[in-house]
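Please open the structure in the viewer and keep the selection tool at hand.

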Amino acid sequence: MLLLKLALVNISRNPRRSIITVLAVGVGLAALIFLWGFGDGTNEQMRENVIKLLTGHIQIHATGFQNSLSPELTIVEKNNLLQNLSQTPFIKAVTERVKCEALVGTTEHSRGIILTGIDPERETTVTRINEFVKQGEFLGNKDDRSILIGSRLAEKIHVALGDKVVVMTQAIDGTLAGYAYHIKGIFHTGSQTLDELSAFVTLAGARDLLGIEEETHEIALRLNDRKSIPKVIIELKKTIPSDQNEILAWNDIVPETEQWVEWSEAIIRTILIAVMVVIGVSIMNTVLMSVFERTRELGVMLAIGTSPGQILRLILLETFILELFGMILGLAAGFAVTTYFGNVGISFHELEAAFSRSYMSTMTYTRVEWHHVVESIITLFLLTSFIGLYPAWKASRMEPVKAIYHS
Amino acid sequence: MELVEVQNIQKIFRENSQAVQALTDISLTIRPGEFTALCGPSGSGKTTLLNLIGCLDRPTQGKILLDGDEISRASQQDLTKIRLRKIGFIFQDFNLIPSYTALENIEYVLWLQGVRAAARQKSALEICSRFGIEKLIGRRPSKLSRGQQQRVAVARAIIHKPKIVLGDELTANLDHKTGADLMDFLKKLNQEEGMTFVYATHDPVMMERANRIVRMQDGKIINAS
């Protein structure tokens, strides 16, 4: 208790310096928590954007379809598969799609796109593309000659709501197929891939264009949550032979999302190291100054029988107390700021063009991921404790005679 | 049996690669209960000798025995233990720990010895009462007069009943009366409790209180009556 009291009193001797150090640790930790919150919020939104706009949690295709988009590669034993899926736990919704590469345009302008035939009703249980229709309406089940196109695509081919466009593709028999579609809706997701390179028609409309009957290219699944993906994949692989159909998680389909996450986490860790160094130097400065100012006092303590180990513990305890106060402050401030911006969001509308390339939302909601908070605290604690070792060791190695006569 | 035996010691300090001979061939014995003054001008080696006897430093050559233990070759760890158990220090400016109250300063050595809080406080309060400073126990050193600080410093030096109490220029920064009071107080402790005191001074008035005077000059003992 005496050692603790001595440490506390020593810290209070120079309140301004101690407060600055506590603030350095606190602001540093708060910044780290916010930075992680920003990164985690952005990454989480990006993942969810990919899932809800494009992929669903899991997709099933005929083996090889994902890479080739060959129209003849339809899902093997689709009906049995759908029957199985309806009995698999954690699956919330299932939808079928027909997909092909196509050319869409008018007499003057055209563009290469991915045309997706969807079941409008079931599609909305798996993805949320319907929520992004900014002009006109989403497709209905009987809109077999209607098309939904992205806002950028509309701009590129100079068409507007209600106009007609021609879609051409290679049918399953190898012939060139083409139909005219009436633009029923224009969607704007913020994703360049979707807004410029995608169009949707009904499942029946796409099957008619490609000349296929009940076959399907893609089954997309929505699960209860993302954590269930590995379990569901393991379950599905038991019943689906891999030489016939392939099962892909959303991040197998859009791997660049996870690569982006890794890259952004690497950047955050780099910043984290820089912040830690600043905090470490601040702590080191405070404790070293405090030791230097107390040279004579520490010399007396050593002279009257305090062991070097006790001096070491005293200085470390002082460092630890400063860290602890700083961390409590930083944790509270970091959590408060991150939670606040998690509710109100941070707008990046001016950066839409840059954000849209990677499915990032222009409104970022920060998010507290506790494993990153704990990682920041532990790293900060270990680093500052390690840094605190130097002045503590220096103090414990003092020669009492020199220290006592130090002026 | 001698309490302190200093045998042919030398102390050489190295400063900027130059050797400075601080003590030359010093031999001295101190018996239990002595009240010894180390006298001599500045630079005569009093403080160096006191530091060697107090286990704060080690001689370059020679041997020192304290209460039968050879301290001249002991490890730092052992020297710390010897200082804690057998030696009491009274420093020139008393050097109390400013963050502690008077009571905490006094009981600090007992805490280092691992004495339990209740026993520690009991001993500290007893000694405060004996020294007439019981009303000052909650005060920090900065709130004590020089005379009060010296009593706290003496209480700290003797609370653990050391074999020997060492003092360096105890009265150097005190006015004559306060200095004389302190020496009388120490002398009384020496006479009543048989406590051994060795102190360095160059003040003739303080020398008068000693029952033995060791005169030093240029790092040598010139008279050890």
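This is a predicted model: local features need pLDDT of at least 70, side-chain atom pairs count only at pLDDT 80 or more; totals for chains, interfaces and linings use all residues.

**Along the helix**

Remain with α15(A) and colour its buried residues: His372(A), Val373(A), Ser376(A), Leu380(A), Thr384(A), Ile387(A), Gly388(A), Pro391(A), Ala392(A), Ala395(A) and Ser396(A). In an α-helix, residues three or four places apart point the same way, because there are 3.6 residues a turn. Next, consider the end C-alpha atoms of α15(A), which are 37 Å apart. At 1.5 Å a residue, the 27 residues of this helix should span 39 Å, and the two values agree.

**Two of the covering helices**

Now select α2(A) together with α11(A). Their axes come within 9 Å and cross at roughly 175°. The pair is therefore roughly antiparallel, since an angle over 145 degrees counts as such. The contact of α2(A) with α11(A) comprises 18 nonpolar, nine polar and three charged residues.

**The domains of chain A**

Widen the view to chain A as a whole. Domain 1 takes in 2-50 + 257-404, and domain 2 takes in 64-241. The C-alpha centres of these two domains of chain A are separated by 49 Å.

**A glycine in a strand**

Select Gly112(A), which belongs to strand β3 (residues 110-118) of chain A. Is Gly112(A) buried or exposed? Gly112(A) counts as exposed, because it has 10 C-beta neighbours inside 10 Å, and a residue with 12 or fewer is placed in that class. Beyond its neighbours within four places in sequence, Gly112(A) is in contact with Glu101(A) and Leu103(A). Select Leu197(A) as well: 85 residues separate it from Gly112(A) in sequence, yet the two C-alpha atoms are 7.0 Å apart in space.

**Where the chains touch**

Finally, display chain A and chain B together. The contact takes 17 residues from chain A and 18 residues from chain B. On the side of chain B that touches chain A, the elements giving two or more residues are α2 (76-86) and α3 (102-112) of chain B. The largest share of that side, five residues, comes from α3(B). By class, the residues on the side of chain B that touches chain A are 11 nonpolar, four polar and three charged.

Notes. Residues are numbered from 1 along each chain as its sequence is written. Chains are lettered from A and ligands numbered from 1 in the order in which they are written. Helices (H or I, at least four residues) and strands (E, at least two) are DSSP runs, numbered from the N terminus. The expected span of a helix is 1.5 Å times one less than its number of residues. A residue is buried if 20 or more other C-beta atoms lie within 10 Å of its own, exposed if 12 or fewer, and partly exposed in between; C-beta atoms are placed from the backbone. Two residues are in contact if their C-beta atoms, placed from the backbone, lie within 7 Å. Ala, Val, Leu, Ile, Met, Phe, Trp, Tyr, Cys and Pro count as nonpolar, Asp, Glu, Lys and Arg as charged, and the others, Gly among them, as polar. Axes are lines fitted to C-alpha atoms, for helices over the stretch in contact, and angles run from 0 to 180 degrees between N-to-C directions. Angles under 35 degrees count as roughly parallel, over 145 as roughly antiparallel, 65 to 115 as roughly perpendicular and the rest as oblique. Domain bounds come from an automatic or database domain assignment.
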